[in-house]
Amino acid sequence: MEEVKQGRTLEQARTQLLTALSPLPGDDLCPLQQARGRVLAEPLVTPRAVPGFRASSMDGYALRAVDGPPGQPLPVVGCSAAGAPYGHPLQPGQAVQIFTGAVVPHGADAVAPQEEIHLVQGQISSPMITLKGPIHPGQWIRSSHGEAAAGEQLGSRGQRLSSVDVARALGCGLCTARVHARPRVALLVTGSELRPAGDPLAPGCIHDSNGPLLLLLLEQLGVDVVDHQWVDDDPQRLERALLTLAGRSDVLISTGGVSVGDGDRVGPLLERLGTLQFWRLFLKPGRPFATGTMAGARFFGLPGNPVSAAVTFLQLVWPALQVLEGSPPEPWPRLRVRLTSPLRRRPGRPELIRARLTTDHQGLPLATPCGDQSSARLASLQGADLLLEVDAAATELPAGATVMAQLLRLPLL
Ligand code: AMP
Ligand code: MG
């Protein structure tokens with residue numbers, strides 16, 4: 001089959017992978033303060049209306065709109081401050097001084113802002129006001145359920161909670177949320193040539209960058225990393241490390257050793273120790289990529305080249321982690337961008353070109369590729385906002401050409 005020889009397209013791989021996955025069992029009752037980034041296992045519902053009373057949205061005077069023709073003096077009989085309501089109903093012909101967020105007294109149906117009244121009698125004991133202009137019922141009053149109605153759903157099952165979701169639920173008086181269990185992730189960095197930064201380098205060795213990059217990305221995405229290790233390319237040690245980490249995790253991610261070279265043992269080991277779902281992608285960067293299951297864990301064998309590891313992580317592993325955590329995977333937003341410079345490339349595989357996003361004088365999006373697109377070169381990913389989706393056959397795209405691009409951005413709010 002052509003697809004198997006050259007590898008799956010990203011779309012085929014994504015579909016095959018995600019349809020094979022379902023949310024992990026288990027949930028927790030999580031204090032809302034700690035629930036940002038967690039996925040709701042049950043809808044979040046407020047039992048009460050918020051604010052729960054009619055509140056002023058201005059500093060001014062609460063009154064009845066019918067009493068307020070301009071020039072008509074109204075005695076100010078009291079004050080309603082935030083947290084300290086005026087304790088009586090307002091009588092016809094009266095006004096009550098009021099501040100933003102304070103309870104609008106029963107009987108009042110409008111608030112005249114401070115700037116729209118004259119204080120006609122200055123004594124502190126019995127001031128009077130007149131209105132400068134007309135006033136309408138409902139003016140500057142927030143409804144008692146303006147933020148949320150009693151029984152309103154604040155978040156749905158499968159929703160990943162943002163800072164604003166958490167703040168709104170806390171504002172409605174909720175303290176906890178029922179959230180899905182998070183996948184326990186383990187990371188195995190493989191390669192005899194790798195040393196951690198700070199260690200001396202023997203000839204031909206390099207410092208590990210995939211390990212730190214993946215750990216930082218996982219942390220940024222709020223993923224629980226339960227263990228991470230390094231192992232050389234010795235087959236027995238590799239096998240032992242894979243089985244140990246798979247036994248401790250729901251998801252095991254490895255990098256390196258997944259191509260078809262003699263030193264690359266991850267694919268055959270996965271076939272022998274577990275089940276191989278597929279191996280190889282029709283994609284640049286990221287051709288070597290294996291996934292399947294091993295010792296009860298979902299396994300992802302990412303390529304060794306740092307850009308390939310990062311790109312396949314963002315395209316396939318992150319969506320899979322979302323499904324395992326019970327949330328529908330959110331694709332990266334896509335937009336059409338215009339190239340600021342020509343793009344030349346070797347045809348053969350569809351490519352995800354790393355590029356920076358700017359805008360032209362009309363605010364339309366522009367993309368500037370981040371230099372040499374070698375998958376060994378992390379510099380091509382540094383500062384990248386976009387992955388430009390370029391067809392397998394494309395050789396040259398002129399400056400000004402439009403291309404579809406994925407925007408590598410997570411919502412802040
Ligand atoms: P491999 O997939 O193991 O054949 O590795 C492909 C390339 O990526 C080789 O040049 C490796 O030295 C390099 N590489 C593999 N793992 C890492 C890593 N953790 N950090 C940086 N480079 C790596
Ligand atoms: Mg290797």
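The shell around ligand 1 in this predicted model is made up of four nonpolar, seven polar and three charged residues. In this sorting, Ala, Val, Leu, Ile, Met, Phe, Trp, Tyr, Cys and Pro count as nonpolar, Asp, Glu, Lys and Arg as charged, and the others, Gly among them, as polar. A residue belongs to the surroundings of the ligand if one of its heavy atoms lies within 4 Å of it. Of the 14 residues around ligand 1, the nearest are Glu 193, Asp 208, Ser 209, Gly 257 and Gly 304.

The side chain of Asp 208 places an N or O atom 2.8 Å from a nitrogen atom of ligand 1. The backbone takes part as well: an N or O atom of the Asn 210 backbone is 3.3 Å from a nitrogen atom of the ligand, and one of the Asn 305 backbone is 3.2 Å from an oxygen atom of the ligand. On its own, ligand 1 has 480 Å² of accessible area, and the protein covers 76% of this. Such areas come from the Shrake-Rupley method with a 1.4 Å probe; for residues, only the protein chains shown count as cover.

Attention now turns to Thr 190, found in strand β13 (residues 184-190). Strands (E, at least two residues) are DSSP runs, numbered from the N terminus. Thr 190 counts as buried because its relative accessibility is 5%, where buried means under 20%, exposed over 50%, and partly exposed in between (1.4 Å probe, protein chains only). A polar atom of the Thr 190 side chain lies 2.8 Å from the backbone oxygen of Thr 255, and a polar atom of that side chain is 3.4 Å from the backbone oxygen of Gly 256.

The segment after β27 (402-407) holds Leu 412, which is exposed because its relative accessibility is 75%. Arg 409 also lies in the segment after β27, and its 44% relative accessibility is why it counts as partly exposed.

Residues are numbered from 1 along each chain as its sequence is written, while chains are lettered from A and ligands numbered from 1 in the order in which they are written. Local features need pLDDT of at least 70 and side-chain atom pairs count only at pLDDT 80 or more, whereas totals for chains, interfaces and linings use all residues; side-chain values use heavy atoms, leaving out hydrogens and water.

Technical notes: Helix = DSSP H or I, 4+ residues; strand = E, 2+ residues; numbered from the N terminus. Polar contact = N/O pair within 3.5 Å; in protein donor to acceptor, adjacent residues only side chain to side chain.
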